[in-house]
Amino acid sequence: MEPGFEFDLAVVGSGGAAMAAAITARQAGRTVLVIEHGTIGGTCVNIGCVPSKALLAAAGTRQVALTNPFPGVPTLARGVDLGALVKQKDQLVTRLRETKYADIANAHGFEIRRGEASFLDPDTLVMDGDPVAAGSVVLATGAEPALPKEVTGLDEVEHLTSTTAMELTELPDSMIVIGGGYVGIEQAQLFAHLGTRVTIIGRITPAAEPEMVAILRQALAQDGITVIEEHATSVDRQNAQVTVRTASGRSHCAERLLVKPRVL
């Protein structure tokens with residue numbers, strides 16, 4: 001440790017990259033402090049892979065029952081208690097957050113402190129206004145989503161993201177998903193399998209190979225998902241419906257709107 005430093009390394013953030021940096025430093029014999037202003041853990045455990053795959057598994061179970069090809073083995077898929085599914089998902093996330101982050105920090109001998117980190121100047125890190133003495137600092141705060149600027153009206157219309165959609169406790173009758181990338185498709189299939197009428201507006205995985213895109217289109221059609229491969233240009237709310245207009249001038253309405261933002 002350099003003279004005068006309380007910690008060899010301070011890591012701002014507690015996601016996968018932050019934990020990897022902290023563990024590597026501890027394995028090299030360095031002292032480490034991790035600072036987290038929000039929920040411990042990164043995108044995967046809190047709002048990404050773990051919660052989405054848990055809900056997709058539940059939705060897939062219902063879809064299998066609905067599309068059972070064996071009449072001699074009858075199955076039944078009734079209504080969905082989305083609140084119960086979300087509660088089960090949250091319990092899984094909480095358990096994994098403890099075992100994959102908090103317990104690992106304890107096992108490797110570094111502390112995760114709750115607080116807001118900032119720099120007073122290029123050389124002075126503070127947490128909630130108090131100086132943090134550290135020889136080196138790693139910033140691993142993750143990415144921030146940004147709404148597509150070319151779609152007017154989004155600032156005035158209530159909309160879901162892939163994060164807030166997985167917090168719903170009431171299943172909407174219909175939903176428009178703006179964005180045909182991987183996350184948009186994932187959310188569209190999740191809600192379609194639970195019984196929501198879903199429309200995707202946007203090109204389907206524009207960076208993927210044409211053969212893969214053709215397979216995805218077929219799968220979405222089999223799930224009853226309507227795909228409008230045009231750019232959304234504007235949105236507005238009329239009574240209980242959100243209206244999305246596309247570049248060709250067509251209008252599409254649904255109870256809820258989900259927007260897959262770009263990541264900055």
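Helix H7 covers residues 210-222, and because 13 residues at 1.5 Å a residue should span 18 Å, the 19 Å between its end C-alpha atoms agrees with expectation; the expected span is 1.5 Å times one less than the number of residues. Helices (H or I, at least four residues) and strands (E, at least two) are DSSP runs, numbered from the N terminus. After H7 comes Gly-224, whose phi is positive, near 80°.

This is a predicted model, in which local features need pLDDT of at least 70 and side-chain atom pairs count only at pLDDT 80 or more, while totals for chains, interfaces and linings use all residues. Residues are numbered from 1 along each chain as its sequence is written, and side-chain values use heavy atoms, with hydrogens and water left out.

An open sheet is formed by four strands in the order E11-E10-E9-E15, with parallel pairing, where two strands pair if DSSP finds at least two bridges between them. Its edge strands, each pairing on one side only, are E11 and E15.

| Strand | Residues |
|---|---|
| E9 | 174-178 |
| E10 | 197-201 |
| E11 | 226-228 |
| E15 | 256-259 |

E10 and E11 pair in the parallel sense over three bridges, and Ile-200 stands opposite Val-227 in E11.

What kinds of residue line the largest cavity, nonpolar, polar or charged? The lining divides into eight nonpolar, no polar and no charged residues, where Ala, Val, Leu, Ile, Met, Phe, Trp, Tyr, Cys and Pro count as nonpolar, Asp, Glu, Lys and Arg as charged, and the others, Gly among them, as polar.

Key
Contact = heavy atoms within 4.5 Å. Axes fitted to C-alpha atoms, helices over the stretch in contact; angles between N-to-C directions.
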